[in-house]
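Please take a moment to look over the chains and the ligand shown below before reading on.

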Amino acid sequence: MQLFHPTTIDEAVALLAAHDEARCIAGGQSLVAMLNLGLLDPPALVSLRKVEGLDRLTRHADGSVAMGAAVTQAALASTDLPGALAVLSEAAQQVAHPAIRNFGTVGGALCHADPAADLPPAFVAADARLTAIGPDGARSIRAEDFFLDYLTTALAEDEILTEIRLPPPPPGSVGAYHKFARVDGDYATVSVAVALTLEDGICRAARVVLGSCAAQPLRLDAADAALADTQLDSDAVARAGALLQDSAEPLADMRGSADYRRRIIPGLVARAVEAARARSEAPA
Amino acid sequence: MKGLPEAIGARLPRRDAADKLAGAARYTDDLSRPGMLHAAILGSPWPSARILGIDTAAARALPGVRAVLTGADLPDRRWGLFVYDETPLAAGVVRYVGEPVAAVAAADLATARAAAALIEVDYEELTPVLSIEAALEDGAVPVHREFGSYEKRPDLGFERVNEIARQEFSEGDVEAAWADCDVIVEGVYQVPSQSHVYLEPVSAIAEFDRAGKLTVRSANQSVNKVQATLSRALDLPMSKIRVVTPAVGGAFGGKSGVTVQPLVAHLARVTGRPVKLTLTREEDFMAMRRRHPAVVRVRTGAKADGTLIARDLDIVYDGGAYAEDSPAVLGFGLLMARGPYAIPHCRLRGRAVYTNRLRAAGFRGYGNPQVTFATEAQIDELADRLGLDPVELRLKNAVEAGGRWIGGQTITSCGLRACLTEARDTSGWAGKRRDGGIGAGGKRRGVGVSAFAHICGLLGTSATVRLLEDGTAALAHSAVDLGQGAEAALAQICAGALDIDVDRVDSAPADSGAAPYNWSTGGSRVTYMVGRAVMQAADAVRQQIARHAAETFECAPGDIEIRPGGRAGIVGVPERELSFGEISLRAHYRTGGPIIGSGALVYDGEAFDYKEAVIRNYPFERVGTYVFGAHVVEVEVDTVTGKVEILRAWAAHDVGRAINPTSVEGQILGGFVQGAGYALLEEMLWEDGQPVNPSMMDYKVFGALDLPLDIHPIIVEEPEPSGPFGAKGIGEPPLVGAAPAIANAVAHATGLRLRTIPMTPERVLDALAAAAER
Ligand SMILES: Cc1cc2nc3c(=O)[nH]c(=O)nc-3n(C[C@H](O)[C@H](O)[C@H](O)COP(=O)(O)OP(=O)(O)OC[C@H]3O[C@@H](n4cnc5c(N)ncnc54)[C@H](O)[C@@H]3O)c2cc1C
């Protein structure tokens, strides 16, 4: 297996294109495990660690945020982000353990597309735009459209995720990430990422996204609509939870049966919504 | 009473702590030997199959491969503790998924693993026995067709196919006693297979010198057991085998017998080179050992005033594919099944059976956690029915010093009452008990208690103490330090017995070539048993010191006293004294020879009383010196997820005397945490005989962030007359009491009695849902 250390994105893209079935390696926290288990055997690895500028996180004056794909989970976890974007830092804080967050990158976590991972639902809740660069140039993909299936994304084999852009969060927006796991540092049994826009106690817009409940992050227009223009009363929240519950197709594994996961969805959705809402009441 | 020597009760840091913190401690896998080869194994994919043929040609052809071994290449020399049923590699048939079938030694690890993957095995699948019920049903397939021909210890008591052992401890007349009971509770309890999950996976390095002597370096719990088993497996006299112990990264019973040492020794023999084998975490999960899962049927009856009258208990332990410790685990479980209560009528019976799953073996608690989970639940069920406080009910029936254990032995020291009252009073039990079921945000709180016992006296051990030329001491024993601090505790006992500073006592990691015999670091016995041998040895040294001093001062040895700090002098004459150094020089260079003391004993407590009790097939006539504890645990049950969170715990343990209170507290905390995992989280699972979760990804253990800092160890000191400075054991009991206290707290919080552990969120939620439907 060959290992390359490009310093520019163009160089990295060219290397990926030149080697059939080559892979990017970012923090290696999932890739190396896959190699060890014999699940992957790429002929070449293209490391992103030396690519200039890929680890930069920028907060713009208008509240929008741009982060390079190689920003570490630890860096995101320790960044204060405005409004609903707090869901991102909060999710990053709950990924694995410090040692893994220090290596693992935001881009790696998104591109790995593990349905049980923490960052994908959070980035869908925040309505992130992902920039992919390949031999034919750059394109932007909504986080929503990025996760196609279990460990499968919209990236082509020779494309690299370079940057993630977050639109400015609307005034009054709040976010929260609620993770339920067997033990600290485990993948989620079920997780809920929430972004709400509140105006005088009324929810004007909501994005509720579940992790570990389908092959990709699960968001439903109907569930979000059930919360919109309500005071987030328990009936509305229960309705949203029930809709998500009906659509969920969780895996069964050691973390819980599919039925169990489905059963706890409404209760966890209620907790996540409440955690976000409480934030709008707390003095900033 | 004379005060205790300074070394006793001192919170001294471990000698190995600095090295471990700095990453400088050397474990077996850190070591290398000149010319060393690396080994890899190939495990069975089937729970039960006949090996029709093994094609090793491709593996042998791989450059760098030095040897490929299969069961057919090895002599038919089986080993075991009670049934000689084990071989280094499967011999003709495989009996569990992961059982080593072939092994490779090669120049490097990658080559060894690649070669192992090239070995082709032709299997004929057989019908596996995958549960206790399947093992015992009529017409069950025997897991060992050859069982009848195996060499084995007499009186195992097995009756049916797949039974390894059948035992009983009974007293009184249970059938007649039910009529005297006002309340009877009855239940079936199921306990899981827990993995030892020591931090250091199994590893061994073996090498032969040119004189044919074998040296094996490995993590182990007894150099002497490993040496004896290697002797049998390799047909070598023990004088030709040296077993050395590098730093050990935990064991918990999982390394108490041989692990891979015989296999590695065979590879070293055929290659003529040192060979190392370290199992991957997955291989270790699949091919080593685990706690016996069990089904426990119990019935307990009491008078309206809470007096316990009768208990009938029947337990079946799943021993897995090889007998290992099963007969002893079974019997010890039964010995604990009356609990620490004076119940006059008891019938306690059990069996251990073979199945086509990983072998089960000793694991912190040794059959006791299984039984005590069930019996301590029943005490609470009785309290509930009788409207009595669970602590009061326990206090009312608690055994006391001078009372009898089941089997007739006298209890020589007993701090059970103090444990119960201390745990009750420091926890604020009464208030928490009143507030059961209360909570906010879908959570309900509860508090539960358990009381329990264990032993610390069994089998044989020895130690020597030598006085070095400068008057410091060299202590030698074979109590392997597993990380729990045995080495430090024994050094403190030696320092205490000689009344010198502990820094003036040297000791070394267990080495069969350098130190005298010890049965094992197990059974919570090291501080008590090896400590007694150290006391004897130190005492012999003191006598020789006194004799030298008496000769020098021309007085009677009886007029000599040993003074703190390593001096001997005439009683009442402070200025007439010699240092140990002066005495030792005299002994080394002038008269008498170097001062050496030795101690040796086999457990010498009272034997069981075979006239008073029905005791069938228990393999020992005496084990004992009972230790006691009580836990109070406060939990919060999340009714949304079913997750049980431990909020606080109070763990009181009667250790006789805390030689090193910091180490005792460490054992209490660690045992409680491992017991909490047993109660709430840990379970090895199989589907159709295939392990489902043999990795740290799928099999979780609690870490520092999962449990509260609010776990309070409470040390109760009720000195044991026979113990070193009154000390007893502490290694296992803290695990034993955790699960029942947690289950009792869950019952208090929810009103639901969960009789199956682990109480996973899913199980708890199911129980809550079922209750809501009723
Ligand atoms: C013990 C452990 C526990 C964990 N627990 C959690 C947890 O609780 N929650 C959780 O969410 N995750 C968890 N993880 C996964 C962790 O978050 C990983 O770091 C993350 O999934 C991958 O990030 P990485 O930078 O290490 O990527 P890598 O492992 O280097 O790569 C992962 C995949 O993404 C591809 N890739 C990486 N970067 C790019 C890019 N810029 N463009 C295109 N493709 C790219 C790689 O080719 C590879 O296929 C855990 C991991 C471990 C080892």
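Which residue just after H7(B) takes a positive phi? B:Gly272 does so, with a phi of about 70 degrees. Residues are numbered from 1 along each chain as its sequence is written, while chains are lettered from A and ligands numbered from 1 in the order in which they are written. This is a predicted model, in which local features need pLDDT of at least 70, side-chain atom pairs count only at pLDDT 80 or more, and totals for chains, interfaces and linings use all residues. Chain B averages a pLDDT of 97, with 100% of the residues scoring at least 70, where pLDDT is the predictor's confidence in each residue, from 0 to 100. The model as a whole scores ipTM 0.95 and pTM 0.97.

Helix H7 of chain B covers residues 261-271, and because 8 of its 11 residues are buried, it is largely enclosed by the rest of the structure. A residue is called buried if 20 or more other C-beta atoms lie within 10 Å of its own, exposed if 12 or fewer, and partly exposed in between, with C-beta atoms placed from the backbone. The buried residues of H7(B) are B:Gln261, B:Pro262, B:Leu263, B:Val264, B:Ala265, B:His266, B:Leu267 and B:Ala268. Helices (H or I, at least four residues) and strands (E, at least two) are DSSP runs, numbered from the N terminus.

Strand S7 of chain B, residues 163-171, is likewise largely enclosed by the rest of the structure, because 7 of its 9 residues are buried. S7(B) pairs in the antiparallel sense with strand S15 (residues 345-354) of chain B over 8 bridges, and B:Glu171 has B:Cys346 as its bridge partner in S15(B). S7(B) also pairs in the antiparallel sense with strand S24 (residues 614-616) of chain B, over 3 bridges, where B:Phe169 stands opposite B:Ile615. Two strands are said to pair if DSSP finds at least two bridges between them.

Elsewhere in chain B, 3 strands form an open sheet in the order S4-S2-S6, with antiparallel pairing. Its edge strands are S4 (93-94) and S6 (120-125), each of which pairs on one side only. Strand S2 (residues 49-55) of chain B is joined to S6(B) in the antiparallel sense over 6 bridges, and B:Ile51 stands opposite B:Tyr123 in S6(B).

Chain B is divided into domain 1 (17-23 + 459-602), domain 2 (32-126 + 202-278) and domain 3 (294-457 + 608-773), with bounds that come from an automatic or database domain assignment. The C-alpha centres of domain 1 and domain 2 of chain B lie 39 Å apart, and the contact takes 16 residues from domain 1 and 17 residues from domain 2; two residues are in contact if their C-beta atoms, placed from the backbone, lie within 7 Å.

Between the chains, 14 residues of chain A are in contact with 13 residues of chain B, and helix H11 (residues 258-281) of chain A gives the largest share of the chain A side, 5 residues.

Turning to the ligand, of the 30 residues around it, A:Gly27, A:Gln29, A:Gly104, A:Gly108 and A:Ala117 come nearest, a residue being near a molecule if its C-beta atom, placed from the backbone, lies within 6 Å of it. The elements of chain A that give two or more residues to this shell include helix H2 (31-36) and helix H6 (106-112), and H6(A) gives the most, with 5 residues.
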